Amino acid sequence: MLGSMSDKAIPEEILAHYEQEADEDLRLRRGLGELELLRTQEIIRRHLPPGSARILDVGGASGIHAEWLLDDGHSVHLVDPLPRHVEQATQRLGKYDGFSAEVGDARTLNAANRSYDAVLLLGPLYHLTESADRVTAWCEARRVVKGHGVVFGASITRYAPLFDGLTGGALFDSTFRALTEENLSTGQHRNPTRAPGWFTTAYFHHPDELAEEVAGAGLRVVELVGVEGLAAWVPELAERWKDPEGKETILFAARAIESEPSLRGLSAHLMAVATPGHKHGA
Ligand SMILES: C[S@@+](CC[C@H](N)C(=O)[O-])C[C@H]1O[C@@H](n2cnc3c(N)ncnc32)[C@H](O)[C@@H]1O
């Protein structure tokens, strides 16, 4: 059974969303979607150790991040609960010596203790709707990362549906408005009618919560940054993104506020960079 590798199965609607609706590869290669990809790359690259690293990409989908990490000279093992994602990634990336993949769940990794230089959790935390499951995923990442390695965990921010709905128009629909009110008060997102474009069962983090989860797993936050800033909510910027100077300016705007606590919740995604290691001299 799909998702049976943990005590708790992954809800059917999440699997169906990625089987039938979402195209994780296209999402980050198209228009302003590329902003998330470029910002994720720069945040990860500035924390990876020099040389070739062993990276575990948990929730790696069809290998969107695995591909550029392999091109950078690292080896990548990808884990994803969807056999379809694992097949797509293997088909495209099987030509790299350093690539391997398996079906699996962030809560019960097969990897040995302290076996990776870096672990990516870019996606699983969106879909683990219970706090205990998210902390379990962080704990698993901590178990398999080396002592001075680094874990990258992404979340969708609490306010993302509000901004997305306001600028995209869905917020003017009473059903979406009600879902957004629920998102704002509990972080819980459901799409009971499976309306296209309204995502699937998910949890949207308040920025402070991500740091709490990291600490709850015994990891230390190295940095907590907003990924996209305001730009993801301004559809008109898609035109400017096509032009290299426009792209540079939009990236500048995201970088300018990435660590500003009062503005972290403006981004669609937050990235926590964490390590089991202690600060030098600590
Ligand atoms: C939004 S996609 C993100 C894909 C890619 N990592 C990225 O950053 O663009 C979320 C991914 O998390 C995976 N996922 C969902 N629940 C998971 C779990 N419990 N453990 C591991 N991966 C999970 C999904 O199958 C999907 O591939």
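Analyst: The protein chain averages a pLDDT of 94, pLDDT being the predictor's confidence in each residue, from 0 to 100. A score of at least 70 is reached by 96% of the residues. Residues 1–6 stay under 50. For that stretch the model has 16 contacts beyond four places in sequence, a contact being two residues whose C-beta atoms, placed from the backbone, lie within 7 Å. The model is predicted: local features need pLDDT of at least 70, side-chain atom pairs count only at pLDDT 80 or more, and totals for chains, interfaces and linings use all residues. Residues are numbered from 1 along each chain as its sequence is written.

Now the packing of helix α7 (residues 131–144) with helix α10 (residues 207–216). Helices are DSSP runs of H or I, at least four residues, numbered from the N terminus. The two axes come within 8 Å and cross at roughly 55°. Axes are lines fitted to C-alpha atoms over the stretch in contact, with angles from 0 to 180 degrees between N-to-C directions. The crossing is right-handed: the near helix is turned clockwise from the far one by less than a right angle. From α7, the contact uses R134, V135 and W138. From α10 come E213, V214 and G216. By class, these residues divide into 3 nonpolar, 1 polar and 2 charged. Ala, Val, Leu, Ile, Met, Phe, Trp, Tyr, Cys and Pro count as nonpolar, Asp, Glu, Lys and Arg as charged, and the others, Gly among them, as polar.

Notes: Helix = DSSP H or I, 4+ residues; strand = E, 2+ residues; numbered from the N terminus.
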